[in-house]
Amino acid sequence: IMKTAKISKNTLKTIKLAEISLKDFTDKAKEDVLNWFSTSPGHWIMLHEVMIAYFKNETISKNQLIRFVEKSYLTSNSYIDSAVSKNYFKTIINTNDKRSIFILPTELTIKKFAEYVDKRAWLYKDVK
């Protein structure tokens, strides 16, 4: 066994955070909803934009979401359509403008996302 130099307190904290982050990431990959949204940064942004709007009791249209994803229109639209077909998002027609479609999370997505962000707050709270 090779003897290593004493590790500073700051470095120990970084190591602890990295270990927690790695476990958090691997746990996320085991959950179908979160794993699917982890496919690309665009998917992850899309999930967060929809969830933040939902928790703020605001609406987000499909066109607004397409702009947030920052991919081509076709790519962004296919991400959204895939999320709807997998039952991660649902759509409702805007009663004030039939051309506009609102995107909402399904109960499953709400539950899994809330569990995920609540767990992250808990995981990192005591790291010094």
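A residue is called buried here when its relative accessible area is under 20%, exposed when over 50%, and partly exposed in between, using a 1.4 Å probe and protein chains only. The model on screen is predicted: local features need pLDDT of at least 70, side-chain atom pairs count only at pLDDT 80 or more, and totals for chains, interfaces and linings use all residues. Residues are numbered from 1 along each chain as its sequence is written, and side-chain values use heavy atoms, with hydrogens and water left out.

**Stop 1: Val33**

Select Val33. At 2% relative accessibility, Val33 counts as buried. Val33 is found in helix H2; helices (H or I, at least four residues) and strands (E, at least two) are DSSP runs, numbered from the N terminus. Show the residues around Val33. Leaving aside neighbours within four places in sequence, Val33 is in contact (heavy atoms within 4.5 Å) with Tyr88, Leu108, Thr109 and Lys112. Val33 and Glu19 are 14 residues apart in sequence, yet their C-alpha atoms are 23 Å apart in space.

**Stop 2: the nonpolar core**

A nonpolar core is a set of buried Ala, Val, Leu, Ile, Met, Phe, Trp, Tyr and Cys residues joined through side-chain atoms within 4.5 Å. In soluble globular proteins, nonpolar side chains tend to be buried together. Select Phe37, Met46, Leu65, Ala83, Phe89 and Ile103: of the 22 residues in the largest nonpolar core, these touch the most other members. At least two residues of this core come from each of helix H2 (32–37), helix H3 (41–55), helix H4 (62–69), helix H5 (73–85) and helix H6 (107–124). Which helix gives the most to this core? H3 does, with 5 residues.

Keep Leu65 selected and show what surrounds it. Apart from neighbours within four places in sequence, Leu65 is in contact with Met46, Glu49, Val50, Ile60, Ile80, Phe89 and Ile103.

**Stop 3: H3 against H6**

Select both helices. The axes of H3 and H6 come within 11 Å and cross at roughly 100 degrees. Such axes are lines fitted to C-alpha atoms, for helices over the stretch in contact, with angles from 0 to 180 degrees between N-to-C directions. H3 is therefore roughly perpendicular to H6; angles under 35 degrees count as roughly parallel, over 145 as roughly antiparallel, 65 to 115 as roughly perpendicular and the rest as oblique.

Show side chains. On the H3 side are Trp44, Leu47, His48, Met51, Tyr54 and Phe55, and they meet Thr109, Ile110, Phe113, Ala114 and Tyr116 in H6. The residues of this contact divide into 9 nonpolar, 2 polar and no charged. Here Ala, Val, Leu, Ile, Met, Phe, Trp, Tyr, Cys and Pro count as nonpolar, Asp, Glu, Lys and Arg as charged, and the others, Gly among them, as polar.

Pick out Phe55 in H3. Is Phe55 buried or partly exposed? Phe55 is partly exposed, with a relative accessible area of 47%. Setting aside neighbours within four places in sequence, Phe55 is in contact with Ile110, Phe113 and Ala114. The C-alpha atoms of Phe55 and Ile110 are separated by 9.2 Å, although the two residues are 55 apart along the chain.

**Stop 4: along H6**

At 1.5 Å a residue, its 18 residues should span 26 Å, and its end C-alpha atoms are 26 Å apart, which agrees. The expected span is 1.5 Å times one less than the number of residues. Select the buried residues of H6: Thr109, Ile110, Lys112, Phe113, Tyr116 and Leu123. They pack against helix H1 (9–29), H2, H3 and E2.

**Stop 5**

Select Asp24, which is found in helix H1. Asp24 is buried, with a relative accessible area of 3%. Not counting residues up to four places away in sequence, Asp24 touches Tyr116, Lys119, Arg120, Leu123 and Tyr124.

Move to Lys16, also placed in helix H1. Lys16 is partly exposed, with a relative accessible area of 46%. The C-alpha atoms of Lys16 and Tyr124 are separated by 9.6 Å.

**Stop 6: two loops**

Most residues other than glycine have a negative phi, and most peptide bonds are trans. Select Asn57, in the loop between H3 and H4. Phi of Asn57 is positive, near 60 degrees, and Asn57 is exposed, with a relative accessible area of 74%. Finish at Asn87, in the loop between H5 and E1. Phi of Asn87 is positive too, near 65 degrees, and at 48% relative accessibility Asn87 counts as partly exposed.
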